[in-house]
Amino acid sequence: MNSRLINWFKFSSPATYYPLAGRLVPLFSVIALVLIGVGLYMSFFIAPTDYKQGEGYRIIFVHVPAAWMSMFIYVVMAVWSGLGLVFNTRLSAMMAKALAPTGAMFAFLALWTGAFWGKPMWGAWWVWDARLTSELILLFLYIGFIALQGAIDDPRRADRAGAILALVGVVNIPIIYFSVKWWNTLHQGASVSITKGSSMGQVMLWTMLIMTLGFWAYSIAVSLARVRSIILERERDTTWVSELPEVRG
Amino acid sequence: MSLSEFLYMGGYGLYVWGSFGVTALFMIMEPILVHRRRRAVLQRVSRIVRMKEVER
């Protein structure tokens, strides 16, 4: 047998995943702190003043990473949900559950920072524009997922219902992404595109990417830390949990 | 650049700090809440485990 092949199913066991997550949390926390620290410094001291929007454009350095993460986390959540439905692994649903609050937070922050950017630039905190509306729907999908899981007592049924909601809601992601193309929106088009590259200055682009990577590392650290609590709660009747030093101590 | 000038952000102070401030608040609060939850769960789970051992 090829020894380089990793048995991924081994990690789908909560007993293996719990200590692995425990080792990864500090690692990703440090990565997040360093990247966000550098990103913040660049946001305020390196990135030049915009010729059109003055200092106000600096909101982009939290707005875009938050918006990207809100969509990315949803896709990851849907993938875990799909895996859970197909392979019937307990861990998948726990991961989806652990990601939802962080995703909801980023969706809220994308809307909040968007409002604080829209007010000075468009003259309105909120408009019923396709981009803003679809992002608001994303926030509602996250809240719906959390509420639905909380409302069903049986964890296996709660997981299945949540997974189906997460998978159905994933159609909203391309709608958010392409909304600025499909409809005539007040929201500006994509500044960074896969096909056309970037229309921004190099320094601004790098600052935004570093902040995004920092938010990404933050999301991994927080969701892995959260899933450890979920695993403990759900697996509390197992022998391996009762033998953990932190439980014994 | 002076501090007041920095905070003024060319007239966009409210909007820039309103965005960065609330983002920072949330991203500091969330790990604290996750940590508190872990402590509460650990307490509850170890109590259950101890109770079971006493029963045995």
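This is a predicted model: local features need pLDDT of at least 70, side-chain atom pairs count only at pLDDT 80 or more; totals for chains, interfaces and linings use all residues.
Two residues are taken to be in contact if their C-beta atoms, placed from the backbone, lie within 7 Å. Residues are numbered from 1 along each chain as its sequence is written, and chains are lettered from A and ligands numbered from 1 in the order in which they are written.

The model scores are an ipTM of 0.93 and a pTM of 0.93.

Read from the N terminus, the order of elements in chain A is α-α-α-α-α-α-α-β-β-α-α-α. Along the principal axes, the C-alpha atoms of chain A fill a box of roughly 65 × 40 × 35 Å. Of the 249 residues in chain A, 41% are buried; a residue is buried if 20 or more other C-beta atoms lie within 10 Å of its own, exposed if 12 or fewer, and partly exposed in between. Among contacts in chain A between residues at least 6 apart in sequence, 76% join residues at least 24 apart.

Two packed helices are described by the angle between their axes and the distance between the axes. Axes are lines fitted to C-alpha atoms, for helices over the stretch in contact, and angles run from 0 to 180 degrees between N-to-C directions. Angles under 35 degrees count as roughly parallel, over 145 as roughly antiparallel, 65 to 115 as roughly perpendicular and the rest as oblique.

In chain A, helix α3 (residues 60–87) packs against helix α6 (residues 155–169) at an angle of about 130°, with the axes 9 Å apart. The helices α3(A) and α6(A) are therefore oblique to each other. Here A:M77, A:A78, A:S81, A:G82, A:G84 and A:L85 of α3(A) meet A:D159, A:R160, A:G162, A:A163, A:A166 and A:L167 of α6(A). By class, the residues of this contact between α3(A) and α6(A) divide into six nonpolar, four polar and two charged. Ala, Val, Leu, Ile, Met, Phe, Trp, Tyr, Cys and Pro count as nonpolar, Asp, Glu, Lys and Arg as charged, and the others, Gly among them, as polar.

Helix α3(A) also packs against helix α4 (residues 90–122) of chain A, where the axes come within 7 Å and cross at roughly 160°. The pair α3(A) and α4(A) is therefore roughly antiparallel. Their contact has 20 nonpolar, nine polar and no charged residues. Elsewhere in chain A, helix α2 (residues 14–46) and helix α8 (residues 202–234) pack at about 155°, with axes 7 Å apart, which makes α2(A) roughly antiparallel to α8(A). The contact of α2(A) with α8(A) has 25 nonpolar, six polar and one charged residues.

Finally, the two chains meet. The contact takes 30 residues from chain A and 23 residues from chain B. On the chain B side, the residues touching chain A comprise 15 nonpolar, five polar and three charged. Within chain B, B:I28 is found in helix α2 (residues 13–55). B:I28 is exposed, with 9 other C-beta atoms within 10 Å.

Definitions and conventions: Helices (H or I, at least four residues) and strands (E, at least two) are DSSP runs, numbered from the N terminus.
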